[in-house]
Amino acid sequence: MLGRLTAHLYRRLHLAGEVELSVTLIDDAQMEQLHRDWMDLPDTTDVMSFPMDELVPGTAEEPVDEGVLGDIVLSPEVARRQAEAAGHAPEDELALLCVHGVLHLLGHDHADADQRRVMFSLQKALLEEFLGRPSPAPTEA
């Protein structure tokens, strides 16, 4: 599912197949360690993104032809707990987190209200196109 989703994101965000992306699923203990090491924050988290070449979305006229998008690290354990709390499937939560991670790799953020509105509406649209139905609501952190 994550492979099909990232292919969808590549098409919609005009990224050529040569653009490199790594998606890794790890357990809570590993995620907690990454969260501490990179963010200096305690506890585990659901998704972390590590951009490499600071790429931005392409356009139909000028797609991104090459480069390293970066790494997304997902915690299926956190995704399962969040999905259960929100009342949707764990696979939907993982898809949501993957889209969220890719958008971060492309420079989107949600540090302020305007950024959040832009990022989360794009996230919702991309996920709904992929799922063919309404997307799950993001977990409020």
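Helices here are DSSP runs of H or I with at least four residues, strands are runs of E with at least two, and both are numbered from the N terminus. This is a predicted model, where local features need pLDDT of at least 70 and side-chain atom pairs count only at pLDDT 80 or more, while totals for chains, interfaces and linings use all residues. Residues are numbered from 1 along each chain as its sequence is written, and side-chain values use heavy atoms, with hydrogens and water left out.

Met1 counts as partly exposed because its relative accessibility is 34%; buried means under 20% relative accessible area, exposed means over 50%, and partly exposed is in between, with a 1.4 Å probe and protein chains only. Leaving aside residues up to four places away in sequence, Met1 touches Glu91, Leu94, Ala95 and Phe130, where contact means heavy atoms within 4.5 Å.

Thr6 has a relative accessible area of 14%, so it is buried. Not counting residues up to four places away in sequence, Thr6 touches Leu21, Val23 and Cys98.

Now for the sheet. It is open, with three strands in the order β1-β3-β2 and mixed pairing; two strands pair if DSSP finds at least two bridges between them. Because β1 (20-25) and β2 (47-51) stand at the edges with a single partner strand each, one side of each is left without a neighbour in the sheet. From one strand to the next, the twist averages 15°. Such angles run from 0 to 180 degrees between N-to-C directions, with axes fitted as lines to C-alpha atoms, for helices over the stretch in contact.

How do β1 and β3 run, and how many bridges join them? They are parallel, and six bridges join β1 to β3 (residues 68-74). Ser22 has Asp71 in β3 as its bridge partner, and Val23 stands opposite Ile72 in β3. On the other pairing, β2 and β3 are antiparallel over five bridges, with Val73 in β3 as the bridge partner of Met48. Strand β3 is mostly covered, since five of its seven residues are buried.

Helix α2 (residues 28-39) packs on this sheet and touches β2 and β3, its direction making about 50° with that of β2. An aromatic contact is also found here. Rings of Phe, Tyr and Trp (its six-membered ring) pair if their centres lie within 6.5 Å; planes under 30 degrees apart count as stacked, over 60 as edge-to-face and the rest as tilted. The count by this rule is one aromatic pair. The ring centres of Trp38 and Phe50 are 5.3 Å apart and their planes are at 70°, so the pair is edge-to-face. Since Trp38 lies in helix α2 and Phe50 in strand β2, the pair ties together parts that are 12 residues apart in sequence. Trp38 counts as exposed because its relative accessibility is 58%, whereas Phe50 is buried, with a relative accessible area of 16%.

Asp43 is in the loop between α2 and β2, and its phi is near 70°, a positive value in a residue other than glycine. Glu54, in the loop between β2 and β3, is not a glycine either, yet has a positive phi of about 50°. With a relative accessibility of 68%, Glu54 counts as exposed.

Next comes helix α3 (residues 76-86), in which Val78, Ala79, Gln82 and Ala83 are buried. Viewed down the axis of α3, its buried residues fall within an arc of 130°, so they line one face of the helix; the arc is that of the directions from the helix axis to the C-beta atoms. Why does such spacing work? An α-helix has 3.6 residues a turn, so residues three or four places apart point the same way. The buried residues of α3 pack against α2 and α4 (90-105), while Glu84 and Ala85 are exposed on the other side of α3. After α3 comes Gly87, whose phi is positive, near 80°.
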